[in-house]
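The following briefing concerns a single protein chain. Please consult the sequence and the structure while reading the points below.

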Amino acid sequence: IRGGMKTNLSWKNIGIYSGILGPIVMWLGMLVTALGYVGIEGQRYSILNHFVSELGEVGVSGLAWVFNASLFIGGILATIFMIVLAAQIDSWLRYPLGIISIVATLNGALVGIFPMNNLQPHIFVAMNFFNLGMFISLLYSLVILLSKKHSFQ
């Protein structure tokens, strides 16, 4: 841009920002909702006696919409990050890693669409998110650890 401010907004930078903002959005949504939570028996939220998913329970959690929106937005940001992360891998492994990553993170976003009030779909997407998330973390760790040439080294 001539005479103006230059921007260096590449896909890699978008991925980096998404990877940082996604967890922050989810954490802030959880924190705000937990601080305002009053359960059906008048109790405050405690990680010791509540499931995290209870923060998104419509009709019980007064700020359920904040929690659910943060999961959806954070999940979309995580999906963008995972697409960019997979693109950084210089082998055919980028395709299966990218697909599994996208499925995992989109399931995380869907947890915000299917709160505990809709228990069967909630459990399905939450378990997909947790299980695929652990699996993809292991796979990416191995690929990066065993790779001779990777953009993160």
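Leaving aside its neighbours within four places in sequence, with which residues is Pro-115 in contact? Pro-115 is in contact with Gly-56, Val-58, Asn-68 and His-122, where contact means heavy atoms within 4.5 Å. The model is predicted: local features need pLDDT of at least 70 and side-chain atom pairs count only at pLDDT 80 or more, whereas totals for chains, interfaces and linings use all residues. Residues are numbered from 1 along each chain as its sequence is written, and side-chain values use heavy atoms, with hydrogens and water left out.

**Overall architecture**

- The chain has four helices and zero strands; helices (H or I, at least four residues) and strands (E, at least two) are DSSP runs, numbered from the N terminus.
- Along the sequence, the pattern is α-α-α-α.
- Taken along the principal axes, the box filled by the C-alpha atoms is roughly 55 × 45 × 25 Å.
- Of the 153 residues, 33% count as buried; buried means under 20% relative accessible area, exposed over 50%, and partly exposed in between (1.4 Å probe, protein chains only).
- The accessible surface comes to about 9,700 Å², and 73% of this surface belongs to carbon and sulfur atoms; accessible areas come from the Shrake-Rupley method with a 1.4 Å probe, and for residues only the protein chains shown count as cover.
- Among contacts between residues at least 6 apart in sequence, 60% join residues at least 24 apart.

**Packing of α3 and α4**

- Helix α3 (residues 94–113) packs against helix α4 (residues 119–146) at an angle of about 145°, and their axes are 8 Å apart. Axes are lines fitted to C-alpha atoms, for helices over the stretch in contact, and angles run from 0 to 180 degrees between N-to-C directions.
- Residues making the contact include Leu-97, Ile-100 and Ala-104 of α3, and Val-125, Phe-129 and Leu-132 of α4.
- By class, the contact residues comprise 15 nonpolar, seven polar and no charged. Ala, Val, Leu, Ile, Met, Phe, Trp, Tyr, Cys and Pro count as nonpolar, Asp, Glu, Lys and Arg as charged, and the others, Gly among them, as polar.

**Aromatic pairs**

- Two aromatic pairs are present in the structure. Rings of Phe, Tyr and Trp (its six-membered ring) pair if their centres lie within 6.5 Å; planes under 30 degrees apart count as stacked, over 60 as edge-to-face and the rest as tilted.
- Tyr-37 and Tyr-45 form an edge-to-face pair, at 5.7 Å centre to centre and 80° between the planes.
- Tyr-37 is buried at a relative accessible area of 1%, and Tyr-45 counts as buried at 15% relative accessibility.
- Phe-129 and Phe-130 form a tilted pair, at 5.6 Å centre to centre and 50° between the planes.
- Phe-129 is partly exposed, with a relative accessible area of 29%; Phe-130 is partly exposed, with 48%.

**Individual residues**

- Pro-115 is placed in the loop between α3 and α4 and counts as buried at 11% relative accessibility.
- The C-alpha atoms of Pro-115 and Phe-67 are separated by 9.5 Å, the two residues being 48 residues apart along the chain.
- Ile-16 lies in helix α1 (residues 11–35) and is partly exposed, with a relative accessible area of 41%.
- Between the C-alpha atoms of Ile-16 and Val-38, 22 residues apart along the chain, the separation is 36 Å.
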